Amino acid sequence: MAYILAGVLFLSGALGTILLLKPKKMNIVQVMRDDQILYTVYINVEDERFIRIDYGDSYNLLEIKDGKIRVSEAACPDNTCVKMGWLSASAPIVCLPNHLVIKFASDYDEIDAVVG
């Protein structure tokens, strides 16, 4: 009986730890240029949508779909931002030629503008 109780307590503790350490789903994305927020997007409530961001003679085309965001097209020389795919929590999407950064907003970031 003691082994069963110990097993139940161990499994409860393990499950609780997993739930506490599981990363929370981030739904607020900031699109920035030169440390200024251009857009704040709530990707979990957006329908399929494209946002074109011009920079001089160049541009980036953002795609929002199924609660995700990516650069689907860019007029920069290397298209690294396009090759980065959908935004993940581990790294922002960066387009150096167009000075563009797309990242999940943290609880500490200020929200200046909302796209909606």
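This briefing walks through the fold, the sheets, the core and the cysteines of one protein model.

The model is predicted: local features need pLDDT of at least 70, side-chain atom pairs count only at pLDDT 80 or more, and totals for chains, interfaces and linings use all residues. Residues are numbered from 1 along each chain as its sequence is written, and side-chain values use heavy atoms, with hydrogens and water left out. The protein has 2 helices and 7 strands. Helices (H or I, at least four residues) and strands (E, at least two) are DSSP runs, numbered from the N terminus.

**Overall layout**

- Along the sequence, the elements follow the pattern α-β-β-β-β-β-α-β-β.
- Of the 116 residues in the protein, 28% are buried. Buried means under 20% relative accessible area, exposed over 50%, and partly exposed in between (1.4 Å probe, protein chains only).
- Among contacts with a separation of 6 or more, 36% join residues 24 or more positions apart. A contact means heavy atoms within 4.5 Å.

**Confidence**

- The average pLDDT is 83, and 78% of the residues score at least 70. pLDDT is the predictor's confidence in each residue, from 0 to 100.
- Residues 107–111 stay under 50 in pLDDT. The model gives this stretch 10 contacts beyond four places in sequence.
- Where pLDDT is low, the predicted coordinates should not be read in detail.

- Two strands pair if DSSP finds at least two bridges between them.
- Axes are lines fitted to C-alpha atoms, for helices over the stretch in contact, and angles run from 0 to 180 degrees between N-to-C directions.
- Strand E1 (residues 28–33) has 5 of its 6 residues buried, so the rest of the structure largely encloses it.
- E1 pairs with strand E2 (residues 36–42) over 6 bridges, in the antiparallel sense. Here Met-32 stands opposite Ile-37.
- E1 also runs antiparallel to strand E7 (residues 100–104), joined by 5 bridges. Val-31 stands opposite Ile-102 in E7, and Met-32 stands opposite Val-101.

**The turn between E1 and E2**

- The hairpin of E1 and E2 has 2 residues between the strands.
- Asp-34 lies in the loop between E1 and E2. Its phi is positive, about 50 degrees, although Asp-34 is not a glycine.
- Asp-35 is in the loop between E1 and E2. Asp-35 has a positive phi near 65 degrees, and it is exposed at a relative accessible area of 74%.
- Most residues other than glycine have a negative phi.

**The three-strand sheet**

- Another open sheet has 3 strands in the order E3-E4-E5, with antiparallel pairing.
- Strand E3 (49–55) and strand E5 (68–74) stand at the edges with a single partner strand each, so one side of each has no neighbour in the sheet.
- The twist in this sheet averages 25 degrees from one strand to the next.
- Strand E4 (residues 58–65) and E5 are joined by 6 bridges and run antiparallel. Ile-64 has Ile-69 in E5 as its bridge partner.

**The nonpolar core**

- The largest nonpolar core has 19 residues. Such a core is a set of buried Ala, Val, Leu, Ile, Met, Phe, Trp, Tyr and Cys residues joined through side-chain atoms within 4.5 Å.
- Leu-62, Ile-69 and Ile-102 have the most contacts inside this core.
- E1, E3, E4, E5, strand E6 (93–95) and E7 each give two or more residues to this core.
- Beyond its neighbours within four places in sequence, Ile-102 contacts residues including Val-29, Leu-62, Ile-69, Leu-87 and Pro-92.

**The cysteines**

- The disulfide count is 0. A disulfide is a pair of cysteine sulfur atoms within 2.5 Å.
- The sulfur of Cys-81 is 3.8 Å from its closest cysteine sulfur, in Cys-95, which is too far for a bond.
- Cys-95 is in no disulfide, and its nearest cysteine sulfur, that of Cys-76, is 3.7 Å away.
- Cys-81 is buried at 1% relative accessibility, and Cys-95 is buried at 3% relative accessible area.
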